[in-house]
Amino acid sequence: GNHTLLTEFVLSGLSSRPELQHLLFFTICFVYSMTLIGNLLICMVTVHPTLHMPMYFFLRVLSFLDISTASVVVPKMLVSLLSEDRSISYLGCVTQLYCVVFLAATEWYLLAAMAYDRYVAVCWPLRYAAIMNSRVCLSLVLLSCCSGKVVSVLQTAWVFTLSLCGPRRINYFFCDIPPLLVLSCTDTSLYEKQLISATVLVIFTPFCLILLSYACIISSILKISSAESRHKAFSTCSSHLTVVTLYCASGTLIYLQPKSSNSQDAKKILALIYTTVIPTLNPLIYSLRNKEVKEVLIRVV
């Protein structure tokens with residue numbers, strides 16, 4: 001009865017040390033600029049007629065999601081690094097959490113769709129164009145978005161039905177589920193179990209589908225007699241596997257122990273990697289390992 005319901009929150013940011021604020025600002029500003037430039041270039045390059053394939057359509061959608069993820073988190077973080085006012089309204093926190101969860105979940109399902117695309121390309125090359133037609137590709141993207149929306153609505157609604165009451169300080173640089181649970185004045189053990197279940201559903205279910213796809217892919221590649229053909233088939237999948245590994249490692253470490261206060265600084269670093277660094281790396285991973293993308297990119301630049 002002595003608790004006061006919160007109407008706004010204060011984000012602690014990445015670091016409380018004043019001497020680091022300007023250094024962090026310029027570093028993150030540079031990384032964010034690279035994220036925008038790299039992913040916008042990918043979006044421009046993949047509409048080129050020579051790259052009119054399902055793989056590049058999915059890559060274009062992934063780049064758009066990366067831009068959106070970084071844009072939901074980074075601008076507010078940059079303002080907080082230069083301003084004494086680090087507050088965020090209750091509605092702003094709800095919106096930010098909804099967008100972060102929606103984009104993260106959608107990306108995971110999209111990565112599973114991209115793995116299926118690689119499976120069809122390697123295992124059924126003669127039927128690839130018929131199976132992965134534009135209607136199927138669009139349906140997979142819409143299914144990923146709808147799945148991400150369902151997860152985001154449920155998670156956001158569940159978090160904000162908890163009684164959040166002081167302190168209003170969030171030990172994080174954006175509104176996310178683990179730091180918000182710390183503010184609850186009610187028992188969150190049931191929600192923590194639900195969060196682990198949701199993590200398994202959102203991360204490990206697509207991850208298992210990805211592993212199954214690549215098990216079939218590797219089995220098919222090993223049957224190819226030509227060493228050059230095997231290398232080409234492996235190279236088309238290596239970029240996607242690298243991205244999946246980065247997302248899986250950071251995502252599981254953040255959400256599988258939601259209320260662990262001892263590792264909060266480590267979780268900040270992982271969340272920074274997930275929301276800022278990985279979106280910057282994706283264009284590099286896909287362009288540097290793909291000869292066709294590099295050729296078109298050089299022409300566009």
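Reader: How many helices and strands does the secondary structure of the chain come to?

Author: The model is predicted, and its elements run from the N terminus as β-α-α-β-α-α-α-β-α-α-α-α-α. The secondary structure of the chain therefore comes to ten helices and three strands.

Reader: What radius of gyration does the chain have, and what does the globule rule give for 301 residues?

Author: The C-alpha atoms fill a box of roughly 70 × 40 × 30 Å along the principal axes. The chain is as compact as a globular protein of its length, because its radius of gyration is close to the value from the globule rule. The two values are 21 Å for the chain and 19 Å from the rule.

Reader: What share of the contacts with a separation of 6 or more comes from residues 24 or more positions apart?

Author: Of the 301 residues of the chain, 49% count as buried. Among contacts in the chain with a separation of 6 or more, residues 24 or more positions apart account for 79%.

Reader: What share of the accessible surface belongs to carbon and sulfur atoms?

Author: The accessible surface of the chain comes to about 15,000 Å². Carbon and sulfur atoms contribute 68%.

Reader: How far apart are the mean positions of the positive and negative charges?

Author: The chain has 21 positive and 14 negative charges. The distance between their mean positions is 8 Å.

Reader: Which residue in β3 is the bridge partner of leucine 11?

Author: On the β2 side, phenylalanine 9 stands opposite isoleucine 88, and valine 10 stands opposite serine 87. In β3, the bridge partner of leucine 11 is isoleucine 170.

Reader: Is valine 200 buried, partly exposed or exposed?

Author: Valine 200 lies in helix α7 (residues 189–222). Its relative accessible area is 37%. Buried requires under 20% and exposed over 50%, so valine 200 is partly exposed.

Reader: How far apart in space are valine 200 and proline 279?

Author: Valine 200 and proline 279 are separated by 79 residues in sequence. Taken C-alpha to C-alpha, their distance in space is 22 Å.

Definitions and conventions. Residues are numbered from 1 along each chain as its sequence is written. This is a predicted model: local features need pLDDT of at least 70, side-chain atom pairs count only at pLDDT 80 or more; totals for chains, interfaces and linings use all residues. Side-chain values use heavy atoms; hydrogens and water are left out. Helices (H or I, at least four residues) and strands (E, at least two) are DSSP runs, numbered from the N terminus. The radius of gyration is taken over C-alpha atoms; the globule rule is 2.2 Å times the number of residues to the power 0.38. Buried means under 20% relative accessible area, exposed over 50%, partly exposed in between (1.4 Å probe, protein chains only). Contact means heavy atoms within 4.5 Å. Accessible areas come from the Shrake-Rupley method with a 1.4 Å probe; for residues, only the protein chains shown count as cover. Lys and Arg count as positive and Asp and Glu as negative; His and the chain ends are not counted. The place of a charge is taken as NZ of Lys, CZ of Arg, CG of Asp or CD of Glu. Two strands pair if DSSP finds at least two bridges between them.
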